Amino acid sequence: MLNSARYCLRQAVASLTRNFWLAVAAAGIVAVTLLILGAFVLFVGNLSSWTRTVESSIEINAFLAADADHHKVREAIQRLPGVASITFISKEQALREVRKSLGERADILEGLDENPLPDTYRIKATRAEDVPSLARSIEQIAGVDKVNYGQGIVEKVIAVTRWINLASLISAGLLGIAAVFLIMTTIRLSVAARQEEISIMKILGASNWFVRSPFLMEGMTVGFGGAVLATLILNVVYLSLVNQLEKAPLFFLQPVTDQQFLLSIMGGIIGLGLFIGGLGSLISVRKFLQV
């Protein structure tokens with residue numbers, strides 16, 4: 001077993017050395033493909049983070065009637081499924097918030113004889129898609145005069161989010177399949193160049209896995225090399241972009257900097273490089289082994 005492993009390793013190294021520039025070209029193709037895929041995943045991750053931020057900011061404003069029993073209304077809202085949090089905003093606090101939002105134009109409120117704003121409960125739903133149905137339920141509670149949650153806009157945000165998630169999943173799958181076919185095409189050239197050698201090994205009684213192993217090691221090495229190169233480039237470019245965007249006053253364009261998120265992507269790229277390199281080799285050798 002150990003001798004067979006050493007033989008396969010020597011054959012893989014010899015093949016990589018003999019076909020050095022072909023291996024470099026293959027690694028380059030893998031690097032470019034994984035770089036595009038990795039950049040796309042980072043883009044989708046940041047886009048998902050932004051949509052979650054938008055969704056988490058969606059609130060249901062339940063405006064109370066003047067004679068409403070605040071405690072009973074609160075208890076009724078809390079009993080509804082899908083309520084994540086509920087905050088009471090008195091009409092005095094609401095007026096202060098309006099004054100603050102008006103800034104220098106706050107003097108237009110000086111002529112008010114009384115506070116026209118109602119007491120309000122601000123409710124956040126557990127899931128953004130539950131907001132419309134939850135708002136309808138809250139509107140039916142005695143003491144609630146009116147409910148507002150940005151009708152129309154919220155539904156569009158939810159629909160766009162679902163479309164983005166579906167499109168991202170499909171696109172990532174297509175890019176992954178493209179990566180496998182690219183490495184298959186490149187590895188097949190190396191296999192074809194050694195077709196006579198493979199035939200001799202088969203005549204001498206070599207098992208299919210014995211023949212496959214050097215090509216498997218070769219493909220995984222090529223895939224690993226391309227993945228490492230893609231990871232390095234992606235890491236440098238993304239960190240540079242993060243530094244530039246963090247200086248910009250555009251809060252909605254702040255990128256994801258969570259280390260666990262970034263490490264999982266980089267590790268995924270390395271693993272995918274090994275996988276597509278090995279898979280491409282196995283599929284390419286299969287044709288010549290006539291399995």
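**Labels and their grounds**

Author: Pro 255 is placed in the loop that connects α8 (208–247) and α9 (259–289). Helices (H or I, at least four residues) and strands (E, at least two) are DSSP runs, numbered from the N terminus. This is a predicted model, in which local features need pLDDT of at least 70 and side-chain atom pairs count only at pLDDT 80 or more, while totals for chains, interfaces and linings use all residues. Residues are numbered from 1 along each chain as its sequence is written, and side-chain values use heavy atoms, with hydrogens and water left out.

Reader: Why is Pro 255 called buried?

Author: The relative accessible area of Pro 255 is 14%. Buried means under 20%, exposed over 50% and partly exposed in between (1.4 Å probe, protein chains only). Pro 255 therefore counts as buried.

Reader: What is Pro 255 in contact with, apart from neighbours within four places in sequence?

Author: Pro 255 contacts Asn 46, Tyr 238, Val 242 and Leu 245, where contact means heavy atoms within 4.5 Å. Between Pro 255 and Val 242, 13 residues apart along the chain, the C-alpha separation is 6.2 Å.

Reader: How do you know that the buried residues of α3 line one face?

Author: The buried residues of α3 (residues 70–78) are Val 73, Ala 76 and Ile 77. Viewed down the helix axis, they fall within an arc of 100°, so they line one face of α3. The arc is taken over the directions from the helix axis to the C-beta atoms. On the other side of α3, His 71 and Lys 72 are exposed.

Reader: What covers the buried residues of α3?

Author: The cover includes the strands β1 (60–64), β2 (83–89), β3 (120–125) and β4 (144–148), and also helix α5 (131–139).

Reader: What makes Asp 69 a cap of α3?

Author: A side-chain oxygen of Asp 69 lies 3.2 Å from the backbone nitrogen of His 71, at the N-terminal end of α3. A polar contact is a pair of N or O atoms within 3.5 Å; within protein, one must be able to donate a hydrogen and the other to accept it, and residues adjacent in sequence count only if both atoms are side-chain atoms. The 3.2 Å is within that limit, so Asp 69 is described as a cap.

Reader: What makes β3 a pairing partner of β1 and β2?

Author: Two strands pair if DSSP finds at least two bridges between them. β1 and β3 are joined by 4 bridges, and β2 and β3 by 6, so both counts meet the criterion. β1 and β3 run antiparallel, and the pairing of β2 with β3 is antiparallel as well. Thr 120 in β3 is the bridge partner of Phe 63 and also of Ile 89.

Reader: Why does Asn 61 count as buried?

Author: Asn 61, a residue of β1, has a relative accessibility of 18%, which makes it buried.

Reader: What makes Val 285 buried?

Author: Val 285, in helix α9, has a relative accessible area of 1% and is therefore buried. Its C-alpha atom is 9.3 Å from that of Asn 208, 77 residues apart along the chain.

Reader: Where is confidence lowest and where is it highest?

Author: The protein chain averages a pLDDT (the predictor's confidence in each residue, from 0 to 100) of 76, and 72% of the residues score at least 70. Confidence is lowest in helix α1 (residues 2–18), with a mean of 63, and highest in α3, at 87. Where pLDDT is low, the predicted coordinates should not be read in detail.

Reader: How many helices and strands does the protein chain have, and what share of its residues is buried?

Author: The protein chain has 9 helices and 4 strands, and 36% of its 291 residues are buried.
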